[in-house]
Amino acid sequence: MEAVLFDFHGTLAMTIDPVAWVTAAAADCGVPLDHGRATALADRIATAGGLPGVAKPARIPPQLAEFWADRDLDKHAHRAAFIGLAALVPSDVPGLAEAIYERCETVQCWQPYADALPAMTALYAAGVKIAIVSNIGFDIRPLLDAWGMSALCDAVVLSYEVGCIKPDPKIFWRACSTLGVSPERALMVGDTPADAGAVTAGCSALIVASAQVGGHNGLMRAYALAQQG
């Protein structure tokens with residue numbers, strides 16, 4: 001293998017505990033929450049789909065349907081969709097829905113898996129090209145910078161910037177083209193069927209199980225497979 005394409009959410013990193021997320025967002029609004037109140041709010045907001053990356057909503061209100069459909073293709077739609085869903089939950093914390101969303105774009109809301117940086121470092125040292133390929137509606141480059149991953153990446157391909165989302169083969173072809181490798185020499189590492197869609201583009205695929213926050217996510221297997229290839 002000449003290249004490894006990594007998904008971001010659920011593969012390289014995971015959002016922090018929803019209760020901690022909502023507690024911090026409320027504090028940003030100047031309202032302290034005790035654990036019980038924060039837990040109740042976090043549960044309701046997560047069920048509504050207002051915490052990006054935590055759970056998909058069971059129902060999308062008509063007024064948010066278009067934003068939801070375009071959330072990974074347009075940063076304004078992404079913001080409107082998730083703020084709108086969080087705002088469906090009644091709260092006496094002014095600005096909570098907006099504060100929750102603002103936090104999802106910061107390093108404080110995310111934690112890389114313990115083996116993410118070691119796996120990327122090993123691949124980089126072996127001369128394997130690395131790309132991040134993510135369905136997402138905001139720029140994750142500041143997070144990669146903070147974790148020391150940017151210097152290891154040859155490309156960052158984000159759906160909202162390139163206008164296509166996984167499993168569309170075009171996004172995998174875009175990544176491979178940017179890296180200058182043929183799809184047959186690339187391995188996609190992700191945690192969803194959309195990531196497995198890389199095989200339709202001619203790539204190989206490794207699907208991991210999304211470990212608990214801060215744990216190991218089986219990412220060194222990507223290095224082992226690249227070495228075998």
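Helix α4 (residues 75-86) packs against helix α5 (residues 96-104) at an angle of about 135°, and the two axes are 8 Å apart. The model is predicted: local features need pLDDT of at least 70, side-chain atom pairs count only at pLDDT 80 or more, and totals for chains, interfaces and linings use all residues. Residues are numbered from 1 along each chain as its sequence is written, and side-chain values use heavy atoms, with hydrogens and water left out. Helices (H or I, at least four residues) and strands (E, at least two) are DSSP runs, numbered from the N terminus. Axes are lines fitted to C-alpha atoms, for helices over the stretch in contact, and angles run from 0 to 180 degrees between N-to-C directions.

α4 and α5 are therefore oblique to each other. Angles under 35 degrees count as roughly parallel, over 145 as roughly antiparallel, 65 to 115 as roughly perpendicular and the rest as oblique. The crossing of α4 and α5 is right-handed; the near helix is then turned clockwise from the far one by less than a right angle, and anticlockwise in a left-handed crossing. On the α4 side the contact (heavy atoms within 4.5 Å) is made by K75, H78, R79, F82, I83 and A86. On the α5 side it is made by A97, E98, Y101 and E102. By class, the contact of α4 with α5 holds five nonpolar, one polar and four charged residues. Here Ala, Val, Leu, Ile, Met, Phe, Trp, Tyr, Cys and Pro count as nonpolar, Asp, Glu, Lys and Arg as charged, and the others, Gly among them, as polar.

Helix α6 (residues 116-125) and helix α11 (residues 220-228) pack at about 20°, with axes 8 Å apart. α6 and α11 are therefore roughly parallel. Their crossing is left-handed. P118, A119, A122 and L123 of α6 meet M220, A222, Y223 and A226 of α11. This contact has eight nonpolar residues, no polar and no charged.

Helix α1 (residues 18-28) meets helix α2 (residues 35-48) at an angle of about 105°, again with axes 8 Å apart. α1 and α2 are therefore roughly perpendicular. P18, V19, V22 and T23 in α1 touch H35, A38, T39, L41 and A42 in α2. Six of these contact residues are nonpolar, three are polar and none is charged.

The largest pocket has a volume of about 710 Å³. On a 1 Å grid over the protein atoms alone, a pocket is an open set of points where a 1.4 Å probe fits, with protein on both sides within 12 Å along at least five of seven lines; lining residues have an atom within 4 Å of a point. Grid points are joined across faces, edges and corners, and a volume is the space filled by probe spheres set on the points. Of the 26 lining residues, H9, K56, R71, D72 and N135 are the closest to the centre. α3 (65-69), α4 and α10 (193-196) each supply at least two lining residues. The lining divides into 13 nonpolar, six polar and seven charged residues.

A cis peptide bond joins K166 and P167, with omega about 15°. S210, a residue other than glycine, has a positive phi near 60°.
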